[in-house]
Amino acid sequence: MATLTFPLNDGTSIPALAFGTGTALYNKDARDAVTTAITSGFVHLDGAQMYGNEDSLGDAIVASGKPRESLYITTKLTELKNGATVKSALQESLRKLKVDYVNLFLIHMPTHHEGRLKEVWKQMEEVKKEGLAKSIGVSNFRIKDFEEFLPEATIKPAVNQIEFHPYLLKASEQLLEYTTKLGIRTESYGGLTPIVRARGGPLDPVLAKIRERLEKTAGKPVSEGQVLSKWLLQKEIVVVTTSSKPERVKEYLDVPNLPDLSPEEVAEIESTGKKQHTRAFCQFLDK
Ligand SMILES: NC(=O)C1=CN([C@@H]2O[C@H](COP(=O)(O)OP(=O)(O)OC[C@H]3O[C@@H](n4cnc5c(N)ncnc54)[C@H](OP(=O)(O)O)[C@@H]3O)[C@@H](O)[C@H]2O)C=CC1
Ligand SMILES: O=CCc1c[nH]c2ccccc12
């Protein structure tokens, strides 16, 4: 089955489903989980310097034996310390990942570079020009963070990776309108929050009902996690998820093959999601 991709504003395309190596794998060896993910069919791997496991992600990439061009590798810049530059930090990541370029390099947090976003973005543009990163973007950026560096940018960020799910719809409305206008693609992390970190909310019965309908239509088991991921994909948002369970890894990969949610189902998820606000990560985004 062909991999679903979305176009980016720099002429490249991005696989719509990514396997993450943060959260549950934070500071843990990611080799086994990533090996399962690649073997099952994930091509987009989401890493970060902050996750403390780029080395093991690199080990899994090498062990997979996959041609470099068949994989899409993301990593993220952490704080620059001890005279490090964006380029030297990325070179260190490339060494750990055992590749000579990443497909996507993100500034992980605006708060890591207080008052320095213009300078840091300029250096991000340089690593893209040198081919060390095919695309560059940001993560956890607010409108005010974009406004700080965009007037002097010569390359627009290709993506903003943020926590996004129905319980953040209301809080993210203006940001998404702003980034969409600029052609900046949204990547969602924490997309399963309504069922993993906020059970008992108003979406519970809605997701249960839609899951049942999809299951009948598809003629195979469907989970509520798949319903949430389908909702994101229909909004053309890249889904960054993860799992320690091979059966769930396969479930995620099957989401593009499931029947579409109807416009009425989408509307019900959204009107219900807007009734609750839950942010599981990066509380500074609400301040
Ligand atoms: N840019 C940033 O600042 C951030 C980026 N990320 C990236 O996004 C990736 C995914 O983030 P994450 O928030 O974990 O993604 P999700 O919201 O998709 O959650 C995935 C987690 O949910 C669990 N899960 C799935 N289904 C169920 C279920 N039915 N019941 C209970 N638990 C379930 C999985 O556990 P199990 O192993 O049991 O399947 C897994 O640990 C990270 O690895 C990282 O790469 C994450 C946070 C911040
Ligand atoms: O990339 C994820 C960064 C992050 C922000 N908050 C948390 C909490 C737990 C694990 C990772 C993260």
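1. Strand β3 (residues 17-20) and β10 run parallel and are joined by three bridges; two strands count as paired when DSSP finds at least two bridges between them. Within that pairing, Leu 17 stands opposite Val 239 of β10. Strand β9 (residues 185-189) also runs parallel to β10, with two bridges, and here Ser 188 has Val 239 as its bridge partner. Element numbers count from the N terminus, with helices (H or I, at least four residues) and strands (E, at least two) taken as DSSP runs.

2. A word on what you're looking at: this is a predicted model, where local features need pLDDT of at least 70, side-chain atom pairs count only at pLDDT 80 or more, and totals for chains, interfaces and linings use all residues. Residues are numbered from 1 along each chain as its sequence is written, while chains are lettered from A and ligands numbered from 1 in the order in which they are written.

3. In soluble globular proteins, nonpolar side chains tend to be buried together.

4. Now ligand 1. Its shell holds 25 residues, and Gly 20, Gly 22, Tyr 189, Thr 241 and Ser 243 come nearest; a residue is near a molecule if its C-beta atom, placed from the backbone, lies within 6 Å of it. The elements giving two or more residues are α7 (193-196) and β10 (238-241), and α7 gives the most, with three. By class, the shell has seven nonpolar, 15 polar and three charged residues. Nonpolar covers Ala, Val, Leu, Ile, Met, Phe, Trp, Tyr, Cys and Pro; charged covers Asp, Glu, Lys and Arg; the others, Gly among them, are polar.

5. Around ligand 2 you'll find Gly 22, Thr 23, Tyr 26, Ala 48, Phe 281 and Cys 282. That shell splits into four nonpolar, two polar and no charged residues.

6. UniProt (unreviewed entry) puts an "active site" at Tyr 51; such annotations may be inferred rather than shown by experiment, and their positions follow the numbering used here, with feature names shortened. Tyr 51 sits in the loop between β4 (44-46) and α2. Is Tyr 51 buried or exposed? Tyr 51 counts as buried because 23 other C-beta atoms lie within 10 Å. Leaving aside neighbours within four places in sequence, Tyr 51 is in contact (C-beta atoms, placed from the backbone, within 7 Å) with Thr 21, Gly 22, Leu 25 and Tyr 26.

7. Next along is α2, whose buried residues are Glu 54, Ser 56, Leu 57, Gly 58, Ala 60 and Ile 61. They pack against α1 (31-40), β4, β5 and α3 (86-97). Gly 65 follows α2 and has a positive phi, near 70 degrees. Pro 67 lies in the loop between α2 (54-64) and β5 (72-77), and is exposed because there are 7 other C-beta atoms within 10 Å.

Note on methods: Buried ≥ 20, exposed ≤ 12 C-beta atoms within 10 Å, placed from the backbone. Contact = placed C-beta atoms within 7 Å.
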